[in-house]
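Please keep the sequence and the structure in view while reading.

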Amino acid sequence: MNWDDIRLFLAVARAESLTGAGKALRLDPATLGRRIARLEETLGTALFVRSPRGYGLSEAGERLMARAIHAEQALQEGAEELREQEGQLTGSVRVGAPDGVANFLLPQVTAALCDANPGLEVQIVAQPRVFNLSRREADMAIAVSPPKTGRLTVQKITDYHLHLAATRSYLQQHPPIRELADVAGHRIVGYIPDLIFDSELDYLSEVGTARVTLASNSVVVQLNWLRTGAGLGIVHDFAMPFAPGLVKVLPDRLALRRSFYLVRHGDDRRNARLSRFAGLLAEGVRAELARLEAL
């Protein structure tokens with residue numbers, strides 16, 4: 001068994017399919033399938049449970065994956081130490097985040113980090129869901145609530161604020177909103193109720209309305225609806241500068257506060273490079289959020 005076999009095994013385990021892993025590795029799925037079968041034959045045990053839904057890890061595969069991740073980390077840390085020059089960050093870091101923070105905060109923050117560290121590569125995975133750090137879907141993730149299970153370390157980054165908003169043209173063309181009760185007579189933009197992955201995102205329960213006429217699991221789609229004057233919805237204060245046509249509605253009556261948390265795998269506490277990157281990322285997010293909310 002060699003490291004290349006383990007590298008292929010990890011890719012299939014993370015993608016849960018030969019096709020997904022093949023794309024990441026730039027390898028034909030059929031060839032990848034033969035390599036995995038050969039590895040299983042060498043080890044004398046099945047590493048995956050095949051099904052129409054893809055490749056799930058067997059019990060033996062789960063045990064191998066835990067060991068393989070440790071080996072992968074050790075190799076990465078060793079290579080990074082050799083590459084590191086003049087105290088700069090190098091190598092690749094993948095950050096998972098909900099699409100709001102991924103679209104409106106992380107681009108500026110991570111670009112500045114790469115400017116200061118030319119050998120650094122940053123990947124942002126923007127998806128409205130919880131990331132599985134144990135499977136290394138990301139090196140770290142930003143969450144809107146601290147996870148309660150798993151071998152994870154959690155650091156609160158900062159609070160952020162949200163308000164009800166709409167365009168001036170929408171407000172001029174529809175019945176006035178003087179009280180929260182008036183919101184019920186308006187077209188609401190928000191999340192698809194059954195796709196809300198965290199209860200902290202259930203904003204409309206605090207508004208007092210449950211009916212969402214225009215719904216998306218994407219914050220960006222919601223913001224674009226609001227920008228066109230399509231309705232009324234909850235908007236992050238840090239996203240308001242990106243939609244200058246929007247104005248806050250009943251800001252003195254309805255102001256929501258939530259928090260961002262930086263989540264990492266527990267084993268990464270010993271990784272000095274990732275710890276340093278995490279510290280700089282959190283610092284940058286705090287500063288950028290404060291700047292945007294003040295505009």
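## Terms and basis

A residue is called buried when its relative accessible area is under 20%, exposed when that area is over 50%, and partly exposed in between, using a 1.4 Å probe and the protein chains only. This is a predicted model, in which local features need pLDDT of at least 70 and side-chain atom pairs count only at pLDDT 80 or more, while totals for chains, interfaces and linings use all residues. Residues are numbered from 1 along each chain as its sequence is written, and side-chain values use heavy atoms, with hydrogens and water left out.

## Overall build

The protein holds 10 helices and 11 strands, where helices (H or I, at least four residues) and strands (E, at least two) are DSSP runs numbered from the N terminus. Its C-alpha atoms fill a box of roughly 70 × 50 × 30 Å along the principal axes, and 47% of the 295 residues are buried.

Of the contacts (heavy atoms within 4.5 Å) between residues at least 6 apart in sequence, 74% join residues at least 24 apart.

## Glu 72 and Arg 14

Glu 72 belongs to helix α4, residues 59-83, and counts as buried because its relative accessibility is 14%. Leaving aside residues up to four places away in sequence, Glu 72 touches Trp 3, Leu 10 and Arg 14.

Between Arg 14 and Tyr 55 the C-alpha to C-alpha distance is 9.4 Å, although 41 residues separate them in sequence.

## Two residues with positive phi

Most residues other than glycine have a negative phi. Against that background, Glu 16, which is not a glycine, has a positive phi of about 60°; Glu 16 lies in the loop between α1 and α2 (18-25) and is partly exposed at 37% relative accessibility.

Arg 26, likewise not a glycine, has a positive phi of about 60°. Arg 26 is placed in the loop between α2 and α3 (29-43), and Arg 26 counts as exposed because its relative accessible area is 81%.
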